[in-house]
Amino acid sequence: MAFAVSVQSHFAIRALKRDHFKNPSPRTFCSCFKSRPDSSYLSLKERTCFVSKPGLVTTRYRHIFQVGAETGGEFADSGEVADSLASDAPESFSWSSVILPFIFPALGGLLFGYDIGATSGATLSLQSPALSGTTWFNFSPVQLGLVVSGSLYGALLGSISVYGVADFLGRRRELIIAAVLYLLGSLITGCAPDLNILLVGRLLYGFGIGLAMHGAPLYIAETCPSQIRGTLISLKELFIVLGILLGFSVGSFQIDVVGGWRYMYGFGTPVALLMGLGMWSLPASPRWLLLRAVQGKGQLQEYKEKAMLALSKLRGRPPGDKISEKLVDDAYLSVKTAYEDEKSGGNFLEVFQGPNLKALTIGGGLVLFQQITGQPSVLYYAGSILQTAGFSAAADATRVSVIIGVFKLLMTWVAVAKVDDLGRRPLLIGGVSGIALSLFLLSAYYKFLGGFPLVAVGALLLYVGCYQISFGPISWLMVSEIFPLRTRGRGISLAVLTNFGSNAIVTFAFSPLKEFLGAENLFLLFGGIALVSLLFVILVVPETKGLSLEEIESKILK
């Protein structure tokens, strides 16, 4: 059999030689190649042993090395090499095949958003002597804070619990459990006979939020084609906004009904049931299956076959087709290289070291600033803020909340359309600047512009619009893509923990702080924090547009 080396592979080898001399490393990823005497491009003098950092070796080059090793140190024929090079091309897919693997995890985000929107109206209903339908409607600021933030404390507990078991459960099972908790939380909250049972229901629902907001971005990022990853994860944020709008809308319809808060909270039950049934019908994440294989949790061939079947099902192709087999082989090489010379499973402190710490700083910082710039307060208390702005009737306040929700939805579409075009950093910088301005406007309204209620409405619209093109979708997008594969599950757990911990604290503290500091000073404080977050984005946050997950790990974190 005659052997030849394609022009493409020749230049690939030359590029790797350059990489070796520019980036020498004691860690070896070595394959020695020799050419036959009839080779057109390489002579026997060009037997070369390449040493390179695993993170810098692309799947394409690693595949060439593997072929060389499997042929006794000789290159495969040009057709095989061309095929291996073609594996770097964008994956072909149909949009119809990625809809369901996106929608069902995204329902976890919709139910999170629904809780935010529904709570805005439910707090007005619960505190009304005429509309609450209870004898325990007279809440203190602390009790109100517990009702509003109860789901967030549950989400905090969910984030803590999932840290150690996420890789064991897998993304699919994690989302199924989240759906069950959503279902129980909605039912218990809607039927609560007293405040204590209400808080238990809020806690259970929040536990589901913690699991869903960890599992959903992981499942979507690991199952969707890389060229639309940014779009789909941003669309997950759109589902959160749809949930908020749905919550505002249900609140608007039920605000004049006695015990309307029960319907507001109970409406999540059928959606949770749909999410659970949908996730049950989907396969496990192929990358998670390969990760378990690399970690030595089972037979390699068995996990690779499961991954191929899962990928075929996710793309709507016949079981075990050649395209899925090749993609799984390439993904396995990437996963294995990421774990090369590392101890399987890692340790608790690993996420706080080296590249992992850098990823945690970026991802954790984004979700922290996302919350401490006042986002939960502005949304959960939108109805109350609008009442102070002149919309004194509860029905009027909830209807204006719906308008804000629609605007929030439209601005999220802008982010979805532009995140893979303009990039992450420009949207973050522009959006966070607008957030700071809107918070200062809210402070000014409460301080000396009280006679102009449209200032409050305009400031709220500016806030939610700028939030939706910056912190809203991009924080979760970057959290899902910035962590190295090896610590991605634990890193996202910590980011989600940071998110909900800060969210719960800010939400709980808003009512007491508003009473203590005054609304004008509280929003002034949030505005100052927004300026600090803008500085963080400019100095720390990198651009990840157009990079694969492996390229982010090798080019940005190392």
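Predicted model: local features only at pLDDT ≥ 70, side-chain atom pairs only at ≥ 80, totals over all residues.
The chain holds 23 helices and two strands. Of its 558 residues, 58% are buried. Among contacts in the chain with a separation of 6 or more, 81% are accounted for by residues 24 or more positions apart. The accessible surface of the chain amounts to about 21,500 Å², and carbon and sulfur atoms contribute 66% of this area.

The largest nonpolar core comprises 117 residues, of which Phe112, Tyr182, Met275 and Leu366 touch the most other members. Helix α4, spanning residues 95-126, gives the most to this core, with 14 residues. At least three residues of the core come from each of domain 1 (91-281) and domain 3 (346-557). When neighbours within four places in sequence are set aside, the contacts of Tyr182 are Gly108, Leu111, Phe112, Tyr205, Gly208, Ile209, Ala212, Ala272 and Met275. Another core, of 15 residues, lies apart from the largest one and includes Leu291, Ala293, Tyr303 and Tyr332.

On the surface, a nonpolar patch is formed by Leu513, Phe516, Leu517 and Leu525, which together have about 380 Å² of accessible area. The main contributor to the patch is helix α21 (residues 488-517), which supplies three residues. Leu517 is located in helix α21. This residue, Leu517, is classed as partly exposed because its relative accessibility is 31%, a value between the limits of 20% for buried and 50% for exposed residues.

Definitions and conventions. Residues numbered from 1 in each chain as written. Heavy atoms only, no water. Patch = residues over 30% accessible without salt bridge, like charges linked within 9 Å, V, L, I, M, F, W, Y side chains within 5 Å. Areas by Shrake-Rupley, 256 points an atom, 1.4 Å probe, with all protein chains shown as cover. Salt bridge = Lys/Arg side-chain N within 4 Å of Asp/Glu carboxyl O. Helix = DSSP H or I, 4+ residues; strand = E, 2+ residues; numbered from the N terminus. Buried < 20%, exposed > 50% of the residue type's maximum accessible area, 1.4 Å probe, protein only. Core = buried A, V, L, I, M, F, W, Y, C linked by side-chain atoms within 4.5 Å. Domains from an automatic or database assignment. Contact = heavy atoms within 4.5 Å.
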